[in-house]
Amino acid sequence: MFKNYIQKRLENYVVSYFKKHPEVKLVVVAGSVGKTSTKTAIATVLSGRYRVRMHEGNHNTEMSAPLAILGIEYPENIKSISAWRAVFKAAKKRVKTPADVDVIVQELGIDRIGEMARFGTYLRPNIAVISGITPEHMEFFGSIETVAQEELTAANFSQVAIINRDDNDGRFARFLTNQAIDTYGTTSAAEYRFEIQDFTIENGYKGSLIAPEFNETVSAQVNIIGEHSLRAVMAAVAVAVKLGLSPLDIAAGV
């Protein structure tokens, strides 16, 4: 009972925050794997132009995600009434004061059926990014199809969704009801993709950023090791394009 009360109140503060500050954009990241690296890549690229809030840890649960969105630390003693009173006071202040960010990047974590849908009862993200979908918490989900349906729920309650084309089986598309869907990755099937031209241990990948909105090829140097990390980079590129960054800004960000 106490937990339900706390959770509902936190969710209400988040709703109030976005009503008070409609100019603040919300980008959520869901998926079985790659959420944190994708979140970090998105925040890094966007920070070249915008004020970005991103929790450094993985506060992505039904209780901790609302606080991460509001930029309030999760209390050390979750059984302390005084600690939660301090949280509520901070949340009220956050709602009332002018926004200190332009974009919030937040990961959403689940381990049981229905938890992603709960996020959708109070969040209306501008963009949802869905990273790789793999078997997780199978003792609760039972099948990879159920995992995919849960994770893709985030795409359905968001205005726009961008989905990892490389690592997600095409058969999961049947779980999508949102028509505003784009894909990212390194394969030619993705709308937002990285075409590799060269790789060295010292400098990482050299190549081209491809996006439907670009009128010409955009060259980029991405200082990472591991081709799988290019997925997170291209998720960041796709989000940056949607939020109005120029090709030059995006290339510098990656």
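**Exercise 1.** Which residues of α4 are exposed? Work out how the exposed and buried residues are arranged around this helix.

*Solution.* Keep in mind that this is a predicted model.

Step 1: Look for the exposed positions. They are Ser82, Arg85, Lys89, Lys93 and Lys96.

Step 2: Now find the buried ones, Trp84, Val87, Phe88, Ala91 and Val95. Viewed along the axis of α4, the buried residues fall within an arc of 100°, so they line one face of the helix. The exposed residues are on the other side.

Step 3: See what the buried residues touch. They pack against α1 (2–20) and α3 (64–70).

**Exercise 2.** Check the span of helix α4, residues 81–96.

*Solution.* Helix α4 has 16 residues, and at 1.5 Å a residue it should span 22 Å. Its end C-alpha atoms lie 23 Å apart, which agrees.

**Exercise 3.** Describe how α1 and α4 pack.

Step 1: For α1 and α4 the angle is about 15°, and the axes are 9 Å apart. That makes α1 roughly parallel to α4.

Step 2: Identify the partners. Residues of α1 including Phe2, Tyr5 and Tyr13 meet a set in α4 that includes Trp84, Phe88 and Val95.

**Exercise 4.** Is Thr38 buried or exposed, and what does Thr38 contact beyond its sequence neighbours?

*Solution.* Thr38 lies in helix α2, residues 35–46. Its relative accessibility is 3%, so Thr38 counts as buried. Leaving aside neighbours within four places in sequence, Thr38 contacts Val29, Val129, Ser131, Ala232 and Ala235.

How values were computed: Residues are numbered from 1 along each chain as its sequence is written. This is a predicted model: local features need pLDDT of at least 70, side-chain atom pairs count only at pLDDT 80 or more; totals for chains, interfaces and linings use all residues. Side-chain values use heavy atoms; hydrogens and water are left out. Helices (H or I, at least four residues) and strands (E, at least two) are DSSP runs, numbered from the N terminus. The expected span of a helix is 1.5 Å times one less than its number of residues. Buried means under 20% relative accessible area, exposed over 50%, partly exposed in between (1.4 Å probe, protein chains only). The arc is that of the directions from the helix axis to the C-beta atoms. Contact means heavy atoms within 4.5 Å. Axes are lines fitted to C-alpha atoms, for helices over the stretch in contact, and angles run from 0 to 180 degrees between N-to-C directions. Angles under 35 degrees count as roughly parallel, over 145 as roughly antiparallel, 65 to 115 as roughly perpendicular and the rest as oblique.
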